[in-house]
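Welcome, and thanks for taking a look. Please have the sequence and the 3D view open as you read this short briefing.

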Amino acid sequence: MFFNYAMSIARRYTGNIESAEEVVNDAFFKVFTKIHLYNGDQPFRFWLRRVVINTAIDRLRSGLQQYKVSEWQPSHDSLAESGIVEDMTREQILSMIDQLPPSYRTVFNLFTVDGFSHDEIAETLNISVGASKSNLARARQHLKAIFADDFEFSRKI
Amino acid sequence: MSELDNFFADKLGEEGQFPRREKNWRSLSKRLDAFDTGLVQNTGKVYRILRFWQAAAACCILAVAGLTWKVVDVCNDNMTLKEAISRELELRSIQAKEIAALNSAAVQQETYSRQVEAESAALREVLSRQQLSVEFKSNRNAAPLFPTYPDTAPAPAIPTEATSPQAQTTPTDSTATGNSAIAASDLPSVYSDSIQLAAGFMTRGAIGTDSGQMVIKRSQPDSAALVSTPKIIEPARNPSRFKAGIHLLSGIPLPNEKGVSMLSGQGISAGFRVWRDLSLFATADWLRFDISTEKYIPKFHSHHPHQPPNGSQQEKLAKVESAQRQQQFGLGLQYSLPLRTWLRPAVRIAYTMLRVSPELITFKFEDQDPGGPGGSHPPKYLVEKTESKLIQNIWRFGAGLEHETRNWTFGLWADYSNNFAAADLTFDAIIIRAGLQYKFN
């Protein structure tokens, strides 16, 4: 029931399926062994999301993560010809995100997708608020560059 | 948020579809089983805190044991001192009584002297009444009127008329010649009273003449000799024989394989000096190291003696991972070389038992034929939980340097542990230990 949900979150932070599975495995282990810490004030999905995110960040910190960044091979012709960026699939977007350095990717995910504030990001990653903002700005620059290189999309955005 | 952010948020916020793999759930199930049995293979913050408190608790126990030992030692010293003080006070009381008795005897002796003086005056009066001139020469060579006897010599018998006075001659009588002598044969019998009186003197004490004065010799005990010199009371402290302490250790497992981390841990130790430079010692060490090898090495998985079979011929074991914890308990002999140097070298040998804790071993199998039907297959993981195992007959040979202060011993040791039980049962290791021990004096 929550497997796809947890995997969707973990996949964004880890960059590959295998690592995401390990993160989800660890996260479910924590959920089962620390279920008594869930107080019911918020929906279970939110609590699970927080657990998965924290687990992924812990793995990033521990350095055990083997970053297998899959090379994104955009289908220039089809998408460029159609010009419909909105038709990009989730997997294609993920592949772009995967090209970001881990620190940029983590901050971008936390801020843009998961709705963390910079204060929360700074506390979670144990960095300064300025560093969080800086990483987010650089992540955006990287993504724009990727778009510009591959789709000539930067003018639209 | 910019348009770019919204674009990514919308796309990435969608829930993807991922294939469910049975091995993930099996792995999770085994981890949960292991958790239920008390084996927490989670290197999270809680686990680190538990390890810290484990070490802190060991230190506290050692400190409390040391302080307790010290308190008992001080109590024993106090008891010894109390007994010594009690003996000293008792001795002084006896001496005071003796001195008081001597003073009393001196008073009696003085009274007695006065009595003797009076009796001497009476004797002179009797002699003068009998018109005998008894001259007391001031010459030192003059013979005493009455012979002196040593204190231990028996008093002469009282002469009577029946016995010849010549027979009563004493060694000092040999000088009784000439005008200073009174020949006993010349004495009439009427002098018998005087002689008896003189004999009475002799029975009470030795009487001699010196410078014409009758001197009463009394053997007074030497009070200074009776008062014994107070002894210096030394606390009953034996040279330190027992010591205990803690140490940190780091080591290299042998054979040195790629992917096997260094050993690290901590331990406690105790030593008891049996005879001169020979000591009996015991250690308990907690060790930990990580294994992440590309092949299965039985020596490093002594409680998992076989490699799990591959699922298929295409699958090949790609990685073996585990975090192993061990406890080593050693008992041995240590000989410190009799050198008076700042750092004292020593050698030791110890019999060691090894307990390998339960652990989770992860085997990763990869598909050797990624170009087959269906494309590349994801790697297959197999997680196996092991039981604890006790391995004996491991011997440890070590050499080290120690620096001793009054209460502490600092040591640096290099030990080589060799497994004599079986060749592949466990690995050998070179372990460096650095620690300190408190000497319980």
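Predicted model: local features only at pLDDT ≥ 70, side-chain atom pairs only at ≥ 80, totals over all residues.

Residues are numbered from 1 along each chain as its sequence is written, and chains are lettered from A and ligands numbered from 1 in the order in which they are written.

**Where chain B meets chain A**

- On chain B, 22 residues are in contact with 22 residues of chain A (contact means that the C-beta atoms, placed from the backbone, lie within 7 Å).
- Helix 1 (3–12) and helix 2 (22–36) of chain B each bring at least two residues to the side that touches chain A (helices are DSSP runs of H or I with at least four residues, strands are runs of E with at least two, and both are numbered from the N terminus).
- Helix 1 of chain B gives the most to that side, with seven residues.

**Strands around strand 6 of chain B**

- Strand 5 (residues 278–293) and strand 6 (residues 315–336) of chain B pair in the antiparallel sense over 16 bridges (strands pair if DSSP finds at least two bridges between them).
- Here A282(B) has L331(B), in strand 6, as its bridge partner.
- Strand 6 of chain B is also joined to strand 7 (residues 344–356) of chain B by eleven bridges, and these two run antiparallel.
- The bridge partner of Q334(B) in strand 7 of chain B is R348(B).
- With strand 8 (residues 360–367) of chain B, strand 6 of chain B forms six bridges in the antiparallel sense.
- Opposite L317(B) stands F365(B), in strand 8 of chain B.

Technical notes
Contact = placed C-beta atoms within 7 Å.
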